[in-house]
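Here are my notes for someone opening this entry for the first time. Have the sequence and the 3D view side by side as you read.

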Amino acid sequence: MIRSLVCAAALLAVAACGRSDPRLDQTGPQPDLPDVRQTLVPPMKIAKPVGWGDEVPTAPAGYTVTALATDLKIPRQMLVLPNGDILVAEGRGGGAPALRPKDVIAGVIKKKGNTRVESGNRITLLRDANNDGRPEVRTVFIDNLNAPYGLAFVDGYLYVAEQDELVRFPYQEGQTRITAAPQRVTRLPSQINHHWTKALTASADGQTLYVGIGSNSNVGERGMAVEEERAVVWAVDRITGARRTVATGIRNPTALAIEPTTGALWAVVNERDEIGPQLVPDYLTSVREGAFYGWPYSYWGQNVDPRVRPQKPELVASAVVPDYALGSHVAALGLSFAREGGFGGRFTEGAFVGEHGSWNRQDLAGYKVVWVPFSGGRPSGEPVDFLTGFLDGDRARGRPVGVAFDPARRILLVADDLSNTVWRVAPRSGTQTGGSVAAPAR
């Protein structure tokens, strides 16, 4: 009886600590940052999967949403080839051993919010030549990969970031299957793989491949020896495989993209857990040459994380502030910039961001695609909910991951790794695009 009361009291305390303050604005260049709230067991809650049924995600007025492909095997990131064919990386990696009881609990909770489908470890090709939302061709393009995630295409080669190496395949336009063996460009850090996803994009001139490599822990609790060349962005020469480290302390850069007006590299980044429902905001940022983004010693610039030992004040003093907060624990996994005028109207210049959704706060966050408006190559204004409906109360119909804007066909593709669907968002024929939108995201 006493033990039950103690457990109940502990759960109530955790729930209380897990409540967020709706008065805080945690988006934009200057997010509100509350005090640190450390708990023995952090609040954890994930939306129960229920599927879409006859429903589809909700887009702004003037747009239609259709399922371009279903029954995939954990779709993650996507790439539109020059001829319009769509590639979808499918799979799941990782497998880091649990370090603490909290890790075991978190693993169980996160698993409840994931698909039961086995990892595809492949890339699927979708061809919708007449752009009607019904692919004429769907094939397994490349099979037997090791948790593929990031994709890039340059000068006749498809580049794939698996969880342990960056590889390439020769490609001829119109191919529907590649059976050639992969050519290794460079090995990627894969020890433990607490964060296994390896983001990928090519520079504006196509000469450099940028790879995002996440940390091996939340805040260094596995020891810093296993964090060598983790929480970094690499620049890799696509011909020779030679690499250098562009940025450090960038905890988990889950998607990379080139901003089209400036040619600058941008990333969406998942920040740390266990210090409160509103710490630390995940963010969208330009990736600056030689910059240190704070992990694990500080967050959002020079705010010291009290858990990390030993601390390094001299390093914290050099930490840069990210460009744009997306909100705490939204788990941003997708990034794609509008190009060639985007959809027009309010959606002419800016970035689409796929937010996979929280598991580590009591009030759910994310589970949607947001639009971040830009002006002159920089964020300018509040984020706007662009694709919603993934969350139905405490239940999840889907969870968005990668996003890909195709300027030639004026469509947005959204990978949903819970319902194993690729959604297609397109303006209705004869309607003005950019029209009415949902209220700014908070």
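1. One term before we start: a polar contact is a pair of N or O atoms within 3.5 Å, and within protein one of them must be able to donate a hydrogen and the other to accept it. Also keep in mind that this is a predicted model.

2. A polar atom of the D406 side chain lies 3.1 Å from the backbone nitrogen of A408. Is D406 buried or exposed? It counts as buried, because its relative accessibility is 4% and the cut-off for buried is under 20%. Setting aside neighbours within four places in sequence, D406 is in contact with V80 and I411.

3. Next, the largest nonpolar core, which has 30 residues. Which of its members touch the most other members? They are F343, F352, F386, L387, L412, V414 and V425. Two or more residues each come from β2, α2 (101-112), β23 (368-375), β25 (384-387), β28 (400-406), β29 (411-416) and β30 (421-427). The largest share belongs to β25, with 3 residues.

4. Not counting residues up to four places away in sequence, L412 touches F343, F352, V369, F386, V403, A404, F405, W423, R424 and V425. Apart from the core in point 3 lies another core, of 28 residues, and A199, V320, L333 and V401 are among them.

5. Now for the backbone, starting with cis peptide bonds. One joins W295 and P296, with omega at about -5°. P296 is in the loop between β17 (281-286) and β18 (298-299). The bond from R309 to P310 is cis too, and its omega is near -10°. Look for P310 in the loop between β19 (303-304) and α3 (313-316).

6. Then there are positive phi values in residues other than glycine. D71 has phi near 60°, and its place is the loop between β2 (63-69) and β3 (75-80). D71 counts as exposed because its relative accessibility is 65%, and the cut-off for exposed is over 50%.

7. E229 also has a positive phi, near 55°. Where is E229? You'll find E229 in the loop between β12 (208-213) and β13 (232-237). With 24% relative accessibility, E229 counts as partly exposed.

Methods:
Residues are numbered from 1 along each chain as its sequence is written. This is a predicted model: local features need pLDDT of at least 70, side-chain atom pairs count only at pLDDT 80 or more; totals for chains, interfaces and linings use all residues. Side-chain values use heavy atoms; hydrogens and water are left out. Helices (H or I, at least four residues) and strands (E, at least two) are DSSP runs, numbered from the N terminus. Buried means under 20% relative accessible area, exposed over 50%, partly exposed in between (1.4 Å probe, protein chains only). A nonpolar core is a set of buried Ala, Val, Leu, Ile, Met, Phe, Trp, Tyr and Cys residues joined through side-chain atoms within 4.5 Å. Contact means heavy atoms within 4.5 Å.
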